[in-house]
Amino acid sequence: MGEIRVGTASWTDKTLLESGWYPQTANTPEKRLGYYAKQFPIVEVDATYYGPPAEQTTKLWAERTPDGFTFNIKAFSMLTGHPTKVSAIYKDLRPETDKKNVYPGDLPPQTYEEIWTRFLSALDPLVEAGKLGALLFQFPPWWGIRRDNKDYLREVAARCRPLRPVFEFRNASWFDGDNAEETLEFLRRHELPLVCVDMPQGHKSSVPPLMAATTDLAVVRFHGHSDKWTSKDIHEKFGYLYSEKELREWAPKLRALADEAKQTHVLMNNCAGDYAQRNATQLIELLG
């Protein structure tokens, strides 16, 4: 069985800080990251979706964590086709527009290319420290199975190489009927890692909890089962605490997935209070 690393999405969430999970002595960003890194071997950085990181920031992350610690970085929204706030774009690259949100097509090609270059180069300190895991590309609910979208997956892999992008879909068409096997075959043929998910079902953005490794790296993200999945309040959307029974049922599935890969990353994204941290700790114990 390959190595399984369990962690959470974010260590700086406001409700986490208010929950009392951190000891009172962890009263600075540096001390909080240091404390987190003693509890878990991996973390997913969610903030980089809302705004690209600065190289100085990633340098501090590398310096403040022990050898062997892993950061998975969520790709900037502009790179996954989501609406992006103009204010989130690098100041010198912001378009002159009255729009609050823009898409790649709203930018000059050279600006879009420069955003890609700066985003990837800002990760250099993590690469040099051996602490960069995967780059999470989570696509929007309207991003269905189409030839040009498949082409974009290959484009992303080429742009990121030798870094490892992993791909999460939020559109059921990728796994409807025969499409499931087509999707898995495509990802395997082009060595593109699938992000497996556990999430609420019955929504436009729902994909099934399919466990499959399409490369030597497998990734699983647990989003919970909140009945407020469509809420714009992220703490309502992800406010779900898994029971021990649920996690106990997941443990053998995760071990089976790890049998297919050299490394498996398991991230709890039920980020409300300390839910993710509590569940990640339980899952580590269950996996032994």
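Start at the second largest pocket of this predicted model, which has a volume of about 260 Å³. A pocket here is an open set of points on a 1 Å grid over the protein atoms alone, where a 1.4 Å probe fits, with protein on both sides within 12 Å along at least five of seven lines. The volume is the space filled by probe spheres set on the points, which are joined across faces, edges and corners.

Select A157, R161, H190, E191 and L192: of the 13 lining residues (those with an atom within 4 Å of a point), these lie nearest the pocket's centre. Next, colour α7 (147-160) and β7 (164-168), the elements that give two or more residues to this lining. Helices (H or I, at least four residues) and strands (E, at least two) are DSSP runs, numbered from the N terminus. The largest share, three residues, comes from α7. By class, this lining has seven nonpolar, two polar and four charged residues. Nonpolar covers Ala, Val, Leu, Ile, Met, Phe, Trp, Tyr, Cys and Pro, charged covers Asp, Glu, Lys and Arg, and the others, Gly among them, are polar.

Now move to the largest pocket, with about 1300 Å³ of space. Select Y49, Y50, K74, I234 and K237, the closest to its centre among 37 lining residues. Then show α3 (47-50), β4 (84-85) and α9 (234-237), which each give two or more residues to the lining. The most comes from α3, with three residues. Colour this lining by class to find 16 nonpolar, twelve polar and nine charged residues.

Residues are numbered from 1 along each chain as its sequence is written. Local features need pLDDT of at least 70 and side-chain atom pairs count only at pLDDT 80 or more, while totals for chains, interfaces and linings use all residues; side-chain values use heavy atoms, with hydrogens and water left out.
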